[in-house]
Amino acid sequence: MKPQRDVPLGTKLAYGTVNLPLSFIGFPLVIYVAPFYTGELGLPLGLVGLMLFIGRITDVITDPIVGILSDKVQTRFGRRKIWLATGTLVMCIGVWQLFIPTPPVSIWYLLLWVAVVYLGFTMIALPHEAWGGELSSHYHERTQITGTRQTFGLIGLIVATVVPAIVIGQGGSSGDVLRALGLTVLATLPVAVLIVCRFVPEKKMVVGEEHIPFWRGLRLMTRNGPFKRILIVLFIAVIGETFRITITYFFAMQVIGIANLGTLYLWYFATGLLAIPVWIALGRRIGKHRALATSFSIIILSSVGMYFLGKGDVVLFTILFSVKGFCFGSLQLLPSAMVADVVDIDTLRTGQKRQGLFYAVTGVVLKLGMALGQGLSLNLLQVAGFDPGGANGPEVLRWLSIFYCVAPCFFFAGALWLVWGYPLTAVRHRRIQDRLTGRAAGVTPA
C-alpha cells in the first residue's frame, strides 16, 4: 500500500497562511528591535543583546512543554488548533507592547515583552509545524507542504520589507517601522489562524498500545542518529545566519552606504520566494541533505565576496545579497521536511506519533542558536567599540566587515561538512514507510 500523496492543493494553501503574519514578527525582532531600543530609546547595546538572548532562552522551557502537550492533549477541536487560537491572543498582546511601547522603557520591559512574544510564537508555530508533518507521510510531498508554508513565509517577509521601505522612504525611523509592522500583525494573524483552523483537517492519530514514559522516549530520541545530526547542523548554521543577519542593518548602512534597508530586503526575499521551486526540485533530484549542502556552499561564497566591498558598492552588494536570499528559503524548507522524516524512525521504534516533541526539541536548538548568534554579534561589536547611533572609524568598520562577512562562514562550513554525509536518504525512508505501512496492516516484516 502506497503512502498518501494527494493532499489537496487548497488544503496545502490554507495550511501555509499562518506563516505569512508570523514573518512580520520574526523579521523585525532580528532587524529593527535592537536599533530601535538602542538608537532611539537609549538602552545600552550590550544589555539589549543580553535581554534578547535571555528572551530566546525562555523557549528552552516553553518549547518542550508546548510540544508534549500538543501531542498528548486531545480536545474536541483537535490537538493542534487550540494552541494556535490561544497563541494568537498571547502574541497580539506581546506585539502591541514590544513593537509600540510608550517611552520611557527599561531593559526589564524589553525582556518581559520579548519573552511574551516568543511564547506566543511558540504556541502558534510549533503545533503548526508538527501539524504539517502529519498531513502526509511521503518523503517528497512533505517537502512540498513545507515549501507551501515557506512560500507564505517569504510573501510575508516581502510585505515586511515593503512596509519598512515605505516608512523609511517617508522619513520614518526604526520605531515607526516597528509600529507599522506591529499593526500589520494585529490585523492579519487572527484571520490567518481562522483560515487554517477552518479549512485544514487534523488527522486522528492512532498511537501504539504501549505507553512510552517521557524519559524513556527522550532516551530513544537521543539514539536517533539522523535526528542528532540534523540538530547539530541546524544549531551551527543558525548561529552563523543569525550572527550575520543581526548586524546587517549596521553593515549595509555604515560600510556600504545603503539608505533604505527595506528596499534591499525586498530583493532578498523576492529572490528567496522565486527559489523555492528550485530547492524542492533539487531536493527531489539529489536528496534534501545534498540540496541543503549546496545552499551552504552558495552562502559561503557570497559572504566572502561581500568582504571586498566598500562605500558606494550598492549594486554589487545588492547582487550578492540577493544570491544569499536565493538560499534563504532552503534553510527552513529543507531541514523542516527532514525532521518530519526522522520522526518516522521514532514511530517505528516506539509506536508513538511525537511530531510535536520532535519539533519542540528542534525549536529549542534553533532558538539557542539564534540567541547565541544574536547576543554574540552585538556584544562583539560593542567590544570592538562600535557605536550604533554615531560615527565609527575605519578600524571599527573593518571589524564590522569581518564579523558580517567572514565569521559566519566558519559556521556554515562546519554545517556543510556534517550534512553532506546525512544518512536518511529517500531510499532508506521508503523502507521505513513500508515497515510502518506493514505494521498498520498487521503484516510482520520478514
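Select Thr347 to begin: this residue is buried, at a relative accessible area of 5%. Buried means under 20% relative accessible area, exposed means over 50%, and partly exposed lies in between (1.4 Å probe, protein chains only). Thr347 sits in helix H16, residues 330–350. Helices here are DSSP runs of H or I with at least four residues, strands are runs of E with at least two, and both are numbered from the N terminus. Show the neighbours of Thr347: leaving out residues up to four places away in sequence, Thr347 touches Gln352, Lys353, Leu436 and Arg439. Contact means heavy atoms within 4.5 Å.

Two notes on the model come next. This is a predicted model, in which local features need pLDDT of at least 70 and side-chain atom pairs count only at pLDDT 80 or more, while totals for chains, interfaces and linings use all residues. Residues are numbered from 1 along each chain as its sequence is written, and side-chain values use heavy atoms, with hydrogens and water left out.

Now zoom out to the whole protein. Colour by secondary structure: the protein has 19 helices and zero strands. Its radius of gyration is 22 Å, close to the 22 Å that the globule rule gives for 446 residues, so the protein is as compact as a globular protein of that length. That radius is taken over C-alpha atoms, and the globule rule is 2.2 Å times the number of residues to the power 0.38. Along the principal axes, the C-alpha atoms fill a box of roughly 70 × 40 × 40 Å. Of the 446 residues, 57% are buried.

Next, select Pro226, in helix H11 (residues 225–246). At 6% relative accessibility, Pro226 counts as buried. Apart from neighbours within four places in sequence, Pro226 is in contact with Val342, Ile345, Tyr422, Pro423, Leu424 and Arg428.

Which residues have the most contacts inside the largest nonpolar core? They are Tyr37, Phe296 and Phe317, in a core of 134 residues. Helix H7 (residues 107–135) gives the largest share of this core, 16 residues. A nonpolar core is a set of buried Ala, Val, Leu, Ile, Met, Phe, Trp, Tyr and Cys residues joined through side-chain atoms within 4.5 Å.

Stay with Phe317. Not counting residues up to four places away in sequence, Phe317 touches Phe251, Ala252, Ile256, Ile258, Leu264, Met306, Leu309 and Tyr404. Is Leu309 buried or exposed? At 13% relative accessibility, Leu309 counts as buried. The C-alpha atoms of Leu309 and Val255 are 8.3 Å apart, although the two residues are 54 residues apart along the chain.

Another loop to select lies between helix H17 (355–383) and helix H18 (394–420), and Pro388 is found there. Pro388 is partly exposed, with a relative accessible area of 25%. Beyond residues up to four places away in sequence, Pro388 touches Thr38, Leu45, Phe250 and Gln254. Its C-alpha atom is 7.8 Å from that of Leu45, 343 residues away along the chain.

For the last stop, select Pro103 and Pro104. A cis peptide bond joins the two, with omega about 0°. Pro104 belongs to the loop between helix H6 (81–99) and H7.
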